[in-house]
Protein chains: 2
Amino acid sequence: MTSDARPEYPAFGVTADLVVLAVREGRLCVALVRRRDEPYAGRLALPGGFVSRHGLDDTLEETALRELREETGIEPDEVHLEQVKTYWRRGRDPRQEVVTVAWLALGPIHGDLRAGSDAASADWYPVEDALAAPLAFDHDEILRDAVERARAKLEYTDIAASFVPEPFTIADVRRVYETVWGVELDPGNFQRKIAPVFERVEGGDGGDVRSAGRGRPAALYRRRRRGSRAGADLTPIEPPFRRPETGG
Amino acid sequence: MTSDARPEYPAFGVTADLVVLAVREGRLCVALVRRRDEPYAGRLALPGGFVSRHGLDDTLEETALRELREETGIEPDEVHLEQVKTYWRRGRDPRQEVVTVAWLALGPIHGDLRAGSDAASADWYPVEDALAAPLAFDHDEILRDAVERARAKLEYTDIAASFVPEPFTIADVRRVYETVWGVELDPGNFQRKIAPVFERVEGGDGGDVRSAGRGRPAALYRRRRRGSRAGADLTPIEPPFRRPETGG
DNA sequence: CGAATAGTGTCTGTTAGACAATATCGA
DNA sequence: TCGATATTGTCTAACAGACACTATTCG
């Protein structure tokens, strides 16, 4: 129950921090900024910021979208955004108690990043490297949780298509799975399993096939349109496409 | 990035609200309190409260556990607790901006509830009825999300066993599935699928079988012990036990 | 014994995965 | 033509679900 706010209840800052993932050059990469200010000045950190600066945000999701734009220069159209988890422990931020709502953002993102005002730079880093580096605050834990969420959701939603621009080929989607899961998948079996999740693109401007330069041109697909409600934009994979066991 | 806390960042209250579920008399029930104070005085609401009253809480999870004890009288031993989602929209609480971290709590809970200081009463309500009633704040949305989380997790974890005391029979677990999913399941197929997830109880005080009064006595099981880390206390069901399609 | 519940066996249709075979392109 | 990639076909083992059957208790 959300009861009375008396003085004995401490005031918190609330931030939205973003785990923005993209597949670049065959690697799963995360957008990180280099902190300009203390604490953790000079450290890599997830992009993010406080809710409602200047009273702009009416929901947590709006904060996340705004920070995505401001901190990385990414325009949030066509970006899949979902809340992952909320983090706080006493003293997590040495200046003030700050609760962080973490978000996972996936998109067909190609260009370089543009740093926001409170960051020295913003860039893509392979997730593997980012997890080995010391990140600011508890951002390594947040990154791990968000990547695991993304890996899990590949199993039962069409979220992999968020990584590639439409229209796409089944091989495009397969490369996303292989990159995010770190495995190799059989092209034939993958085709049979995943193609029905998507919608064939018929004719149109660029035709309905795309040649990769070599080999037989591939048919083009797009995601099925779902209800317009936020969060209802993923098509389920039924039955789920289970992750192969991996030794590591 | 969690950047500087300047005056333009508003102060939030942070609460942990609990969706405490139990199976009682063959129905899925949720613990609700009747609010004593405005806003929403007299309305049913989820139990919960502000983080860190008197500086007791060092983590969000501790707040959730403390509120579980204070607001419902439930002792948190043997209760499964997991974070679901965080809720805020401007004006959600008319007095002050309040961010609510919602938690799902499941346990083998039998007794009646004991209301905390800021509630007129605390009681169990069938989830179905609770969703039809007007709840305080956005607690109906939180309840829906948490129940869906619980239903989903029955598919791929042994979380159903959280609802029953150890040792339990496979039929006990089956009744949890049937109640939470609102379906009937084939006892034979269920046995084959679920029994290997658990550990047989050998001999001991009460023997290794339990008679239900009629019929052949059932073998007793307990959950497999997993790593001691929080959140690692669920055994996966592999491959998952998929929810049957339901017309509604 | 009969009713009730626990647990196993059996059959069938579906699916995943290995892998072969075919299709269609560029060079 | 060859090499590469896309797509379909085939086979097999595993699995889910329907349902029959056996096991064990109480009354």
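Helices are DSSP runs of H or I of at least four residues, numbered from the N terminus.

Beyond its neighbours within four places in sequence, Val183(B) is in contact (heavy atoms within 4.5 Å) with Glu178(B), Pro244(B) and Thr246(B).

## Helix 4 against helix 5

The axes of helix 4 and helix 5 of chain B come within 10 Å and cross at roughly 105 degrees. Axes are lines fitted to C-alpha atoms, for helices over the stretch in contact, and angles run from 0 to 180 degrees between N-to-C directions. The two helices of chain B are therefore roughly perpendicular to each other, the term for angles of 65 to 115 degrees; under 35 degrees counts as roughly parallel, over 145 as roughly antiparallel and the rest as oblique.

From helix 4 of chain B, Ile170(B), Val173(B), Arg174(B) and Tyr177(B) meet Pro187(B), Phe190(B), Gln191(B) and Ile194(B) of helix 5 of chain B. By class, this contact has six nonpolar, one polar and one charged residues. Ala, Val, Leu, Ile, Met, Phe, Trp, Tyr, Cys and Pro count as nonpolar, Asp, Glu, Lys and Arg as charged, and the others, Gly among them, as polar.

## Helix 3 against helix 4

Helix 3 (residues 139-156) and helix 4 (residues 170-181) of chain B have axes that come within 10 Å and cross at roughly 140 degrees. That makes helix 3 of chain B oblique to helix 4 of chain B.

Arg151(B), Leu154(B) and Glu155(B) in helix 3 of chain B meet Tyr177(B), Val180(B) and Trp181(B) in helix 4 of chain B. The residues of this contact divide into four nonpolar, no polar and two charged.

## Basis of the values

Residues are numbered from 1 along each chain as its sequence is written, and chains are lettered from A and ligands numbered from 1 in the order in which they are written. In this predicted model, local features need pLDDT of at least 70, side-chain atom pairs count only at pLDDT 80 or more, and totals for chains, interfaces and linings use all residues, while side-chain values use heavy atoms, with hydrogens and water left out.
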